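Subject: Structure handover

Hi,

Here is the structure we talked about. Please have a look, then read my notes below.

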Amino acid sequence: MSRQAVRHATPVDLAPAMQRDQLKSAHIRDVVLQAGEDLRTRHPWLRRQDQIGASILLLSVAAMAALAWAYTQGLVAWWACIPLTAFFASFIHELEHDLIHQMYFRHRPWVNRLMMAVGWLARPNAVNPFVRRALHLHHHKYSGTASDLEERGIANGSRWGLGRLLGTIDNPLGLLLRLRDVTESERLYKAMQQPTTGWQRWALRHQQHLVYFPMGLLYYPPLYLWAGWHAWQWLAPQFGLNTAGAAPSEAWRHGMALLDTYAVVMLLPNTLRGFCLYFLSSNLHYYGDIDSRNVIQQCQVLNAWWLWPFQLFCCNFGSTHAIHHFAVKEPFYVRQWTAPVAHAAMRDAGVRFNDMGTFLRANRWGPTTLQRAH
């Protein structure tokens with residue numbers, strides 16, 4: 001660097017290379033937090049964070065219930081009910097994420113826990129939020145490492161193929177298909193935990209049984225039954241199979257009619273929501289060849305135009321989640337509002353945008369460790 005360049009260089013430019021990203025990360029955090037504070041100054045009602053969080057939950061649940069009622073009354077078609085319900089369920093997922101970080105009712109933990117429980121009822125295919133809290137906080141400390149069980153659980157760091165695609169649609173199936181990797185990640189994760197309460201020790205010991213229990217029982221068995229029955233109904237005639245002798249009883253037909261309704265108002269919307277969320281989340285986080293302490297290397301911003309159908313059903317997660325890694329305590333609706341300011345600072349600092357090469361690199365930051373991806 002010439003003397004003239006040094007004279008006009010910023011402190012970040014002059015810092016040793018190993019410190020530059022940390023300084024840039026701190027700058028991004030300051031910019032994001034200041035943008036949020038400026039927003040609250042212009043709109044003082046944003047300071048009522050507890051009330052806003054409770055309102056989002058109640059309105060989203062009410063909207064899902066109203067759509068379910070409208071569908072059963074023949075006022076809304078299935079093809080409208082499914083995406084609209086998924087849209088409102090996505091707000092609840094982002095709200096749960098903020099609840100995990102104690103952004104609402106911090107001083108009234110029973111309300112915080114009640115909101116997480118209600119949100120879980122509305123999204124029965126979601127991971128147990130009371131177990132996820134520890135997984136997610138660990139994710140922030142060790143993002144992109146083998147012990148990052150939250151991201152490894154949704155196939156981050158694995159090669160793209162049919163197995164990863166199926167796991168993105170059906171997470172328990174994905175866990176079974178990648179049992180060796182997930183088991184190793186769980187072993188590393190447990191070895192790094194230091195539970196301080198009886199509940200934490202018990203939850204850690206039984207974590208593999210609690211991940212989807214009990215709400216998953218209201219989602220996965222009915223979903224598999226529904227999909228299997230309709231697959232049989234479609235495939236049997238294609239292969240010339242005679243099903244006349246196995247005609248279902250009246251009780252069975254009535255039960256399947258109820259299951260069809262449940263699929264439209266709950267199962268399929270959450271399948272759509274979960275697929276969009278896992279697709280974006282597992283591709284925007286880097287894995288394997290990064291420094292977990294370097295926030296700039298943890299995530300990219302995925303906001304390409306063709307990703308909008310996915311963003312619609314996960315609250316624009318691909319575009320805004322990386323902001324959260326820099327400023328953890330900003331609620332999701334504030335991140336949405338201040339995203340243009342945050343993105344400008346992130347781009348200037350070298351955060352990657354729309355690095356689609358990660359689809360071929362199994363989420364690696366660079367190409368040199370691809371042979372270790374699996």
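The protein has 20 helices and 0 strands. Helices and strands here are DSSP runs, numbered from the N terminus (H or I, at least four residues, for helices; E, at least two, for strands). The radius of gyration is 23 Å, close to the 21 Å that the globule rule gives for 374 residues, so the protein is as compact as a globular protein of that length. That radius is taken over C-alpha atoms, and the rule is 2.2 Å times the number of residues to the power 0.38. The C-alpha trace spans about 90 × 50 × 45 Å along its principal axes.

This is a predicted model, in which local features need pLDDT of at least 70, side-chain atom pairs count only at pLDDT 80 or more, and totals for chains, interfaces and linings use all residues. Residues are numbered from 1 along each chain as its sequence is written, and side-chain values use heavy atoms, with hydrogens and water left out.

Confidence: pLDDT is the predictor's confidence in each residue, from 0 to 100. Its mean is 90, and 91% of residues reach 70 or more. Residues 1-9 fall below 50, and this stretch has 6 contacts beyond near neighbours in sequence. Contact means heavy atoms within 4.5 Å. Residues 369-374 also stay under 50, with 17 contacts beyond four places in sequence.

Burial: 49% of the 374 residues count as buried. The classes are buried (under 20% relative accessible area), exposed (over 50%) and partly exposed in between, with a 1.4 Å probe and protein chains only.

Surface patch: Leu162, Leu165, Leu166, Ile169, Leu173 and Leu177 form a nonpolar patch with about 510 Å² of accessible area together. Helix H9 (162-169) and helix H10 (171-177) each give two or more residues to it. H9 gives the most, with 4 residues. Patch residues have over 30% relative accessible area and no salt bridge; nonpolar side chains (Val, Leu, Ile, Met, Phe, Trp, Tyr) are joined within 5 Å, like charges within 9 Å. A salt bridge is a side-chain nitrogen of Lys or Arg within 4 Å of a carboxyl oxygen of Asp or Glu. Areas come from the Shrake-Rupley method with a 1.4 Å probe; for residues, only the protein chains shown count as cover. Leu162 sits in H9 and counts as exposed because its relative accessibility is 61%.

Asp355: this residue lies in the loop between helix H19 (332-349) and helix H20 (358-361). Asp355 counts as buried because its relative accessibility is 15%. Leaving aside neighbours within four places in sequence, Asp355 contacts Tyr286, Gln300 and Arg361.

Best wishes
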